[in-house]
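Take a look at both, and then we can walk through the details together.

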Amino acid sequence: MTAREIVPGVFSVGAIDWDRRIFDELIAIPDGTTYNSYLVQGSEATALIDTVDPAMTADLMANLDQLGVGRIDYIVCNHAEQDHSGSIPAVLDRFPGSKVVTNEKCRDLLIDHLHIQKDRCLVIGDGETLPLGGKTLEFVIAPWVHWPETMLTYLQEDRVLFPCDFFGSHYATSSLYVPDEGVIYESAKRYYAEIMMPFRASIKGHLQKLAPREIDIIAPSHGPLYDRPAFIMDAYRDWTGDAVKNVVVLPYVSMHGSTQAMVDHLIGALVQRGIEVEPFNLSVTDTGDLAKALVDAATVVIGAPTLIFGPHPQVVYAAYLANLLRPKTRYATVIGSYGWGGKTVDTLKDMLGRLKVEFLEPVYVKGYPKEEDFAALDRLADDIRKRHEEAGAIVA
């Protein structure tokens, strides 16, 4: 990525990773990503806001060379995770007079993870400012977005917010700003679902904390910049809010066709009752798509066959994921089939213990479903319709 000016004296100097397809050895990123770093030049001092993944250090240095940067006074670290902080040691070596500006918790993590010397750090607190000469950086401590030490940086004169992971998207593009809001909405929602959703309550509070500030540009650390900040801020208010949508998310596995028959019947019954269904066959599902669907769905129905004495391992993973991400889902249940016994329903119910859901009556049958079992699925669909009306997801 070449260095590009955002506003006078402020430049994007990060890197594009077109080919990366997995993050944290866990999260699929089908569209690649960017590691955004920003240079702010005041009349008296220069600050670098966040750096890049260590694999892209050379790109960052090339961009600084392109701008003829001979001095960096401050390296602002909003978040200690290495895809943002990993090039700090190289920048400190190249600019020996520079100081790392961050909060106390982040400083301690940088010492632990990157072995940065304590005397190279300048600790700031919530609401403190750093004048650069005509450009003033204000620091907003925002824990649990998505680590405990995260903070945001706000450039007061130019009304630019540098929120690090907050509002980001794993999306590689040569466009400096959002090229297509529809595409970025889906990418940002997936990013929120996989990374931010467990901290929904904290994020809701941080949105309120940002409300008094005038923001013209949001410059996150992943993905393109937002020159219409209301687009992404409104999306986050929706995702972190309490309202749920008239949607059933249905992750499932079927080993010999019995659970598949139940899933197919329930989908039809729900559709007949005016309920949107998003089924996910876990043997082929991208878990990022599943996480995104969980963001605002009113109900989760898990379709699970019993394998030996418990749920199929792929269903276990999906239940663990949902429990970890803690979506605002209101209702959950299990449907499926078993051969001779086991405790699949109890196991899955226990695995969803962190979700604040009402557990609806499961439909769990021995062998291939019979006529009365399909009738029970119809009753479940009726119950889900009723609960969606009570939750305000359907206007009766």
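How many residues does the hairpin use to join β7 to β8? The hairpin passes from β7 to β8 through four residues. Please keep in mind along the way that this is a predicted model.

## The seven-stranded sheet

Seven strands make up an open sheet with mixed pairing, in the order β1-β2-β7-β8-β9-β10-β11. The edges are taken by β1 (4-7) and β11 (121-123), and each has a single partner strand, so one side of each has no neighbour in the sheet. From one strand to the next, the twist averages 25°.

β1 and β2 run antiparallel and are joined by three bridges; here Val7 has Val10 in β2 as its bridge partner. Strand β2 (residues 10-12) is in turn joined to strand β7 (residues 38-41), again by three bridges and antiparallel, and Val10 stands opposite Val40 in β7. Next, β7 runs antiparallel to strand β8 (residues 46-49), with four bridges between them. In this pairing Val40 stands opposite Ala47 in β8. As a general point to have in mind while looking at the sheet, side chains in a regular strand alternate between its two faces.

## Aromatic pairs and a cluster

Now for the rings. Across the whole structure there are 11 aromatic pairs. One of them is formed by Phe166 and Tyr236, an edge-to-face pair with 5.4 Å from centre to centre and 85° between the planes. This pair links distant parts of the chain, 70 residues apart: Phe166 is in the loop between β15 (160-162) and α5 (181-196), while Tyr236 is in helix α7 (residues 229-240). Phe166 counts as buried because its relative accessibility is 0%. Tyr236 is buried too, with a relative accessible area of 0%.

Tyr236 has a further ring partner in Trp239. Their ring centres are 5.3 Å apart and their planes are at 55°, so this pair counts as tilted. The two residues are three apart in helix α7, so about one helical turn separates them. Both Tyr236 and Trp239 are buried. Stepping back, these rings belong to one aromatic cluster formed by Phe166, Phe167, Tyr185, Tyr192, Tyr236 and Trp239.

## Salt bridges

Side chains of opposite charge can pair when their charged atoms come close. In this model the count comes to 24 salt bridges. Among them, Asp216 and Arg159 meet through their side chains at 2.8 Å, N to O. They connect distant parts of the chain, 57 residues apart, with Asp216 in the loop between α6 (200-210) and β16 (217-218) and Arg159 in the loop between β14 (151-155) and β15. Asp216 is partly exposed at a relative accessible area of 34%, and Arg159 is partly exposed at 30% relative accessibility.

Helix α7 comes back into view here. Arg237 forms a salt bridge with Asp234, and their closest N and O atoms are 2.8 Å apart. Since these residues are three apart in helix α7, about one helical turn lies between them. Arg237 is partly exposed at 40% relative accessibility, as is Asp234 with a relative accessible area of 45%.

In helix α12 (residues 371-390), Arg387 and Asp383 are four residues apart, so about one helical turn separates them. Their side chains meet in a salt bridge of 3.0 Å, N to O. Is Arg387 buried or exposed? Arg387 counts as buried because its relative accessibility is 16%, with the cut-off for buried being under 20%.

Phe309 counts as exposed because its relative accessibility is 59%, and the cut-off for exposed is over 50%.

Methods: Residues are numbered from 1 along each chain as its sequence is written. This is a predicted model: local features need pLDDT of at least 70, side-chain atom pairs count only at pLDDT 80 or more; totals for chains, interfaces and linings use all residues. Side-chain values use heavy atoms; hydrogens and water are left out. Rings of Phe, Tyr and Trp (its six-membered ring) pair if their centres lie within 6.5 Å; planes under 30 degrees apart count as stacked, over 60 as edge-to-face and the rest as tilted. Buried means under 20% relative accessible area, exposed over 50%, partly exposed in between (1.4 Å probe, protein chains only). Two strands pair if DSSP finds at least two bridges between them. Axes are lines fitted to C-alpha atoms, for helices over the stretch in contact, and angles run from 0 to 180 degrees between N-to-C directions. A salt bridge is a side-chain nitrogen of Lys or Arg within 4 Å of a carboxyl oxygen of Asp or Glu.
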